[in-house]
Amino acid sequence: MMWALASLLLAGLARAAIPNAMLRGMPSLPKIPVPARSNTAPNGTALPPITTVYYFDQLIDHNNPDLGTFQQRYWMNWEFYEPGGPIVLMTPGETDADGYEGYLTNETINGLIAQQQNGAAVLVEHRFFGYSNPYDNLTSQSLALLTIQQAIDDLDYFANTADLPMPGGDAVKPGQAPWILIGGSYSGALTGWTMVNKPGLFWAAYASSAVVEAITDYYGYFTPIRDYMPQNCSSDVEAVIAYLDGMYVANNTAGIQTLKEAFGLGDVVHVDDFASALQYNLFDWQSLQPDVGPGAMFFDFCDALEVKDGVSAGPEGWGLENAIYSWGNFWNTTYYNYVCGSEDAETCLGTYNTTQSYYTNVTINNAERSWFWMVCNQVGWYQVGPPEGQPAIVSRILQPIYEERQCMDMFPQAFAYPPQPTTTETDMMYDGWNLDVPRLFFANGLRDPWREVTVSADGLYKANTTSMPIYEGDGFHCSDLITENGIVDPTIAVVQAAGLMYMKEWLAEWTPSA
């Protein structure tokens, strides 16, 4: 429970400076606290703290090795390792990897696999995130080397070249020892894409909430939220959104201004920025986990809308008038301060001022900027309003152009006009929903807002086979990666047990080739 609260707090802190709602819903890995215990090897030797940073000389450009190398950070734990055991590798993806060392321990599936198989766990930082940067800035020119393929090639080069700091760590390359690749969310997709692109490099893989299908117009993000949030709450949110969209279509600017003022957002100049601000409450869903209960921001939001004088509304909600008043009141009393702190509304929520540091700051360790580069170029995943005729908890004012304009404003050297991400090429290159590779275990959650771009998307009906198993628990985003969630939710325990069973089976089939 404590780690869940800690991750919620962490998520809340850095957000005020991010006007783009989409970046609040990045497909990122949940954080768990780094255990403060000391580790020993099976033979009793004391091990370095798992927070010890190691450096690997990674190629700046895999297509041009002459450009030289940069220092890529990694972390390692070999408390369970015995010779012959696997190397369990993960990148946490689009984030500063420092703080994710918990993924080296048996508080996560990585450590459970390492423990079961007498393996060693390694965490490597993704290029252009944290302090693993080919160049000392995040300009468009530097970020040209931030691509899915370069990230896959990094994993390949690391596995085949790194001499790991443990005893015997220079003799565990693929072929000498089995390597297992693990990832969640974007890094889960990267796991699947790597298995497609580098067959045979990793003997087995585990991909949690893996967002394998690139989609520009990703309104499906909100489908699981709408399906699983309290129905009275979704009814009232739909009523307010329908009211806003109706006024927008009718060009009722006075009505829209009155609505903005009800939320304390009268100073937000552009209606699409206001519509985007209303998404913020829904993005809080992504930080939920099975052991998060009352007191989480998302549930406080729904309680504010639905509980009147101690009485909860029925499934149809209290209706439009009360919804505007109570949702607006929640922004005024609680939520504005949580999101914006002391900033004024336009500075905090507006996206049209291109002189803001949000657009101009090119210093390293700015995960939002690096991630936006990948989004604008290759994966899209723009969290927008649904097509007409579908229930909407998000305004249809929000369309891909809202994000694409910001791509142009953030990277004017790269984009002379709003770019469309090359999602079709990405899916052709790495197989998207069609991927079919052996010894790849997929784990998904019914309540995950990213479910609709995983192999468990509605209507996809992808076969669960012994070669490529697909398991789905009742969890949220990457819930199965965290050991504790299996204790809280038996459906997640089933997923974790299946993953461990398949790893055992697959590793028993491995034979050295080197």
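Select Cys-340 and Cys-348: each of the two residues is buried. The model on your screen is a predicted one. Show the side chains of this pair, and you will see a disulfide between Cys-340 and Cys-348, with an S to S distance of 2.1 Å. A disulfide is a covalent bond between the sulfur atoms of two cysteines. Now look along the bond from one sulfur to the other. The angle about the S-S bond of Cys-340 and Cys-348 is -80 degrees, and the link is left-handed.

**Zoom out to the whole chain**

Show the protein chain as a cartoon. It has 18 helices and twelve strands. Along the principal axes, the C-alpha atoms of the chain fill a box of roughly 70 × 50 × 40 Å. What radius of gyration would a compact globule of 514 residues have? The value would be near 24 Å, and the protein chain agrees with this at 23 Å.

Next, colour the residues by burial. Of the 514 residues, 60% count as buried. Switch to a surface view: the accessible surface of the chain is about 19,000 Å², and carbon and sulfur atoms hold 53% of that area.

Then turn to contacts. Take those in the protein chain with a separation of 6 or more: 75% of them are between residues 24 or more positions apart.

How many disulfides does a search of the whole structure find? It finds three. With the bonded cysteines counted along the chain, the pattern of pairs is 1-2, 3-4, 5-6.

Select Cys-233 and Cys-302. A disulfide joins them, S to S 2.1 Å. This link is left-handed, with -85 degrees about the S-S bond. Cys-233 is in helix H7 (residues 231-249) and Cys-302 is in helix H10 (residues 297-306), so the bond ties together parts that lie 69 residues apart in sequence. Is Cys-233 buried or exposed? With a relative accessible area of 0%, Cys-233 is buried. Cys-302 also counts as buried, at 3% relative accessibility.

Move on to Cys-376 and Cys-407, which are joined by a disulfide with an S to S distance of 2.0 Å. The angle about this S-S bond is -90 degrees, and the link is left-handed. Cys-376 belongs to helix H14 (residues 367-379) and Cys-407 to helix H15 (residues 400-410), so this pair ties together parts 31 residues apart in sequence. Both Cys-376 and Cys-407 are buried.

Select one more cysteine, Cys-478. Cys-478 counts as buried because its relative accessibility is 0%, and the cut-off for buried is under 20%.

**Last stop: helix H2**

Select residues 109-117, which form helix H2. Seven of the nine residues of H2 are buried, so the helix is largely enclosed by the rest of the structure. Which residues of H2 are buried? They are Ile-109, Asn-110, Gly-111, Leu-112, Ile-113, Ala-114 and Gln-117.

Now show what the buried residues of H2 pack against. Three strands can be selected here: E3 (87-90), E5 (179-184) and E6 (204-208). The buried residues also pack against helix H17 (483-488) and helix H18 (490-508).

Finish at the residue that follows H2, Asn-118. The phi angle of Asn-118 is positive, near 55 degrees.

Conventions. Residues numbered from 1 in each chain as written. Predicted model: local features only at pLDDT ≥ 70, side-chain atom pairs only at ≥ 80, totals over all residues. Heavy atoms only, no water. Helix = DSSP H or I, 4+ residues; strand = E, 2+ residues; numbered from the N terminus. Rg over C-alpha atoms; globule rule 2.2 N^0.38 Å. Buried < 20%, exposed > 50% of the residue type's maximum accessible area, 1.4 Å probe, protein only. Contact = heavy atoms within 4.5 Å. Areas by Shrake-Rupley, 256 points an atom, 1.4 Å probe, with all protein chains shown as cover. Disulfide = S-S within 2.5 Å.
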